[in-house]
Amino acid sequence: MQSHLQVQASDIPSLARLQTVHGVPREVIYDLVLANRILAHYSVLDTFGHISVRHKSTNTNEDCYIQAAYRAPASVELKDIAIFRISDSESADEHDQRKGPLEKHLHAAIFRARPDIQAILHCHAPSLVTFSILPQTSPARLRPVVHVGASTGASVPIYEIREHNGDGTDLLIKTPGLGDDLAKKFEADVRMVLMRGHGATIASVQGVKDLVHKGIYAVLNATIYKDAILLSGAMGGEVPVRTLSKEEVEACGDHVTAVQRSWPAWIEELGEETGLN
Ligand SMILES: [Zn+2]
């Protein structure tokens, strides 16, 4: 059976236009498809959630981003990748009128607010949502506790939509204004923001592979931390939970070299469906 990644660009008009009209490198498009599938494989993304990569269109010279227009991450194929303007999150291709995901505004807003950010992931992973419903000042607020979980930063702000749009929203980032409000949480050293009762948004200045690493290990870190808190509670709270210090977080860095090893292994795990091994 032919893999969806083995098709020729000429077989998919939108893919051909991404490459020849907008100048998106072939490997960037393929890596984005793989990122969707890897993150779904690791349950960072379920049937919702999305990931985007910054790109400046060679056609219009506009700042843009590419992402799957509207499909469950585990099923994303090359034909699903579309290009959108950072200025207004609308399609940047006159021949492609796909609208993109419902919460597309958060991607555009964060790319506008942080020109250094190269890729953005929005997910509803349960272990992260658990920490989103605790107050920002809680002793159990989310912090890095394992070295691989340090790449999402020492401080993880919580976005409270009620502070910006009052009570009664469905918690989703469905307008440009809400996107801008969320983007304000991404101060210079912030790499992940929890969204109360909703999910998390993670950003990378390195690119999509680093972002996949951050997503997988942010979920693992939250799971381990929650287990430790529960164990400590079962012991009457007499056994303290020890988190990474700020100095340890800085020393752990972004795990760039670890990603170089992990990426081929993640693809291999998807081997049967991608046909790449
Ligand atoms: Zn969401």
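Of the 277 residues in the protein, 40% are buried, a residue being buried if 20 or more other C-beta atoms lie within 10 Å of its own, exposed if 12 or fewer, and partly exposed in between, with C-beta atoms placed from the backbone. The model is predicted: local features need pLDDT of at least 70, side-chain atom pairs count only at pLDDT 80 or more, and totals for chains, interfaces and linings use all residues. Residues are numbered from 1 along each chain as its sequence is written.

**The whole chain**

Along the principal axes, the C-alpha atoms fill a box of roughly 65 × 45 × 30 Å. The radius of gyration is 19 Å, which agrees with the value near 19 Å that a compact globule of 277 residues would have; it is taken over C-alpha atoms, and the globule rule is 2.2 Å times the number of residues to the power 0.38. Among contacts with a separation of 6 or more, 70% join residues 24 or more positions apart, where contact requires C-beta atoms, placed from the backbone, within 7 Å.

**The nonpolar core**

Next, select Ile66, Ile81 and Leu194. These residues have the most contacts inside the largest nonpolar core, which has 68 residues. Such a core is a set of buried Ala, Val, Leu, Ile, Met, Phe, Trp, Tyr and Cys residues joined through C-beta atoms within 7 Å. Helix H7 (residues 208-234) supplies the largest share of this core, 9 residues. In soluble globular proteins, nonpolar side chains tend to be buried together.

Centre the view on Leu194. Leaving aside residues up to four places away in sequence, Leu194 touches Leu128, Phe131, Ser132, Leu142, Val156, Ile158, Tyr159 and Ala200.

**Helix H3**

Select residues 104-113, which form helix H3; 8 of its 10 residues are buried, so that the helix is mostly covered. The buried residues are Lys104, His105, Leu106, His107, Ala108, Ala109, Ile110 and Phe111. They pack against strands S1, S2 (63-68), S3 (81-85), S4 (119-123) and S7 (199-204), and against helix H6.

**Helices H2 and H7**

Now show helix H2 (residues 26-41) together with H7. Their axes come within 10 Å and cross at roughly 5°; axes are lines fitted to C-alpha atoms, for helices over the stretch in contact, and angles run from 0 to 180 degrees between N-to-C directions. H2 and H7 are therefore roughly parallel to each other, because angles under 35 degrees count as roughly parallel, over 145 as roughly antiparallel, 65 to 115 as roughly perpendicular and the rest as oblique. From H2, Asp31, Leu32, Ala35, Ile38 and Leu39 meet Val208, Lys209, Val212 and Gly215 of H7.

Select Ser43, in the loop between H2 and strand S1 (50-56). Serine 43 has a positive phi of about 60° although it is not a glycine, and its 13 C-beta neighbours inside 10 Å make it partly exposed.

Move to the loop between helix H5 (161-165) and helix H6 (176-183), where Gly168 is found. Glycine 168 is exposed, with 6 other C-beta atoms within 10 Å. Leu171 lies in the loop between H5 and H6 as well; its phi is positive, about 75°, although it is not a glycine. With 15 C-beta neighbours inside 10 Å, leucine 171 counts as partly exposed.

Glycine 168 and glycine 197 are 29 residues apart in sequence and 13 Å apart in space, C-alpha to C-alpha.

Technical notes
Helices (H or I, at least four residues) and strands (E, at least two) are DSSP runs, numbered from the N terminus. Two residues are in contact if their C-beta atoms, placed from the backbone, lie within 7 Å.
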